[in-house]
Amino acid sequence: MADDYLVRIGKLIRDARQHRGWTQSQLADALGTSQSAVNRIERGNQNISLEMIARIGEALDSEIVSLGYAGPMHLRVVGGRRLSGAIDVKTSKNACVALLCASLLNKGRTVLRRVARIEEVYRLLEVLNSIGVRTRWINEGVDLEIVPPARLDMDAMDADAARRTRSIIMFLGPLLHRMDQFRLPYAGGCDLGTRTIEPHMIALRRFGLDITATEGIYHAEVEAGVSPGRPIVLTERGDTVTENALLAAARHDGATVIRNASSNYMVQDLCFFLEALGVRVDGIGTTTLTVHGVPNIDVDVDYSPSEDPVEAMSLVAAAVVTESELTIRRVPIEFMEIELAVLEEMGLDHDRSAEYTADNGRTRLVDLTVRPSKLEAPIDKIHPMPFPGLNIDNVPFFAAIAAVAQGQTLIHDWVYDNRAIYLTDLNRLGGRLQLLDPHRVLVEGPTRWRAAEMMCPPALRPAVVVLLAMMAAEGTSVLRNVYVINRGYEELAERLNSVGAQIEIFRDI
């Protein structure tokens, strides 16, 4: 019986180590022991004390053995510190989740380079693993290998993980080629108000997909032999809607024309990946895409998603609100040009390097150096538009930036039902934001930030905006339950600390 417990604890330790992307040698170094000792522990061949279990859990940031409920993660922020040095932009969250869904198109081995190690990715991996897809972190946890089974076990799907991510909706496009009927849980993720899947269905019905929604489940049935007889016109130029249409078209035998398509960064990365699978896509970067589908895709593919323009905007905003000089490297400039043009109008002092190419061989990158600037409110309102307009997900960061600018700024977040409401959380930190209606906020600057303790907003970008304001506020602030930030950012606190922030991660006892 004791040996059985040792084996089970060893398996938990091995899983936690692999989840972090460490080798046995790396864990051994962190513990001050040998790689062979770690190997014996993971195989259940060595007695292990509670003290050693606790040390391993601390090293791996994982509760190997938990007494009661494992509490949520919080951040303690000592603000008023200037940032300095350089920080790299990580790969795109939204591209990575789309590519994970797209891997279901391929019968062969898929390797994705430098995948974002974020909760949204982990949830999708849990779903993929539960239905039989083999995934493992390789190259010391930097890259991700994906190998599908001959047949997916949809009945075994981890429904809890699926409900915690909106990205599960992008399983519809690939799965309609693999089975006649299947079920998916309702999509979850950020609390951004009511969002219907009808735009997805307008595209996917053209491939024979029909969905009935009952008791938190989408019941999908696919009619064989249905083919789009004319171009698909999307009723909204949404990113995930376009991606689902692309995923459905990729294995449709023939040419599919998609009009009013999004040409945003994650859509372009998906198109580049489909080309690596052998699917020709004409019109990348435009609103009309022509997909030349391949009915059977069985290739070993190696692909590097590009960097995240929204994370780049987050880091620019961090420099602005903390009045810091900071270099942000590997910025996908094509998807930041409007934002930078607006910031230049407001008076931002910055330099950019010559352009160079991302690892996908297609996306243009630059390095940006941002300096302390005296900003003025923009003459026009800040509002998002489909690419090449100002990115929808970058709008919240202008609330923090406008708060340090002289004058009034009107922010109109027309896309989401209630995201603008969360921006008024900045008032707890000394901001002067007036909510005009569920979509419009008037920001008065400049702001004298003050420290506060508060709950994390339930939406990703407003949550990061609050964190940035805490970094600017003199004193110690506490941001509680930051799971939503971990959904979209990899080790954000640690990386900000590397350029001068003082952010401590803690949990309640």
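The model is predicted, so local features need pLDDT of at least 70 and side-chain atom pairs count only at pLDDT 80 or more, while totals for chains, interfaces and linings use all residues. Residues are numbered from 1 along each chain as its sequence is written, and side-chain values use heavy atoms, with hydrogens and water left out.

**The cores.** Begin by selecting Phe-171, Phe-182, Leu-184, Leu-209, Leu-479 and Ile-485, which touch the most other members of the largest nonpolar core, a set of 155 residues. Such a core consists of buried Ala, Val, Leu, Ile, Met, Phe, Trp, Tyr and Cys residues joined through side-chain atoms within 4.5 Å, where buried means under 20% relative accessible area with a 1.4 Å probe and protein chains only. Helix H16 (residues 460-472) supplies the largest share of this core, 11 residues; helices here are DSSP runs of H or I with at least four residues, and strands are E runs of at least two, numbered from the N terminus. Apart from this core lies another, of 15 residues, including Ile-9, Ile-48, Met-52 and Ile-53.

**Helix H14.** Next select residues 395-403, where 9 of the 9 residues are buried, so the helix is largely enclosed by the rest of the structure. Among these buried residues are Pro-396, Phe-397, Phe-398 and Ile-401.

**Aromatic pairs.** The structure holds 3 aromatic pairs, that is, rings of Phe, Tyr and Trp (its six-membered ring) with centres within 6.5 Å, counted as edge-to-face when the planes are over 60 degrees apart. Select Tyr-265 and Phe-335, an edge-to-face pair at 6.0 Å centre to centre with 65 degrees between the planes. Tyr-265 belongs to helix H11 (residues 265-276), whereas Phe-335, 70 residues apart from it, sits in the loop between strand E14 (326-332) and helix H13 (337-346).

**The cavities.** A search of the whole structure finds 3 cavities of 30 Å³ or more, a cavity being a set of points on a 1 Å grid over the protein atoms alone where a 1.4 Å probe fits but cannot get out.

Notes:
Buried < 20%, exposed > 50% of the residue type's maximum accessible area, 1.4 Å probe, protein only. 1 Å grid on protein atoms, 1.4 Å probe; cavity = no way out; pocket = protein on both sides within 12 Å on 5 of 7 lines; lining within 4 Å. Points joined across faces, edges and corners; volume = space filled by probe spheres on them. Phe/Tyr/Trp six-rings, centres within 6.5 Å; stacked < 30°, edge-to-face > 60°.
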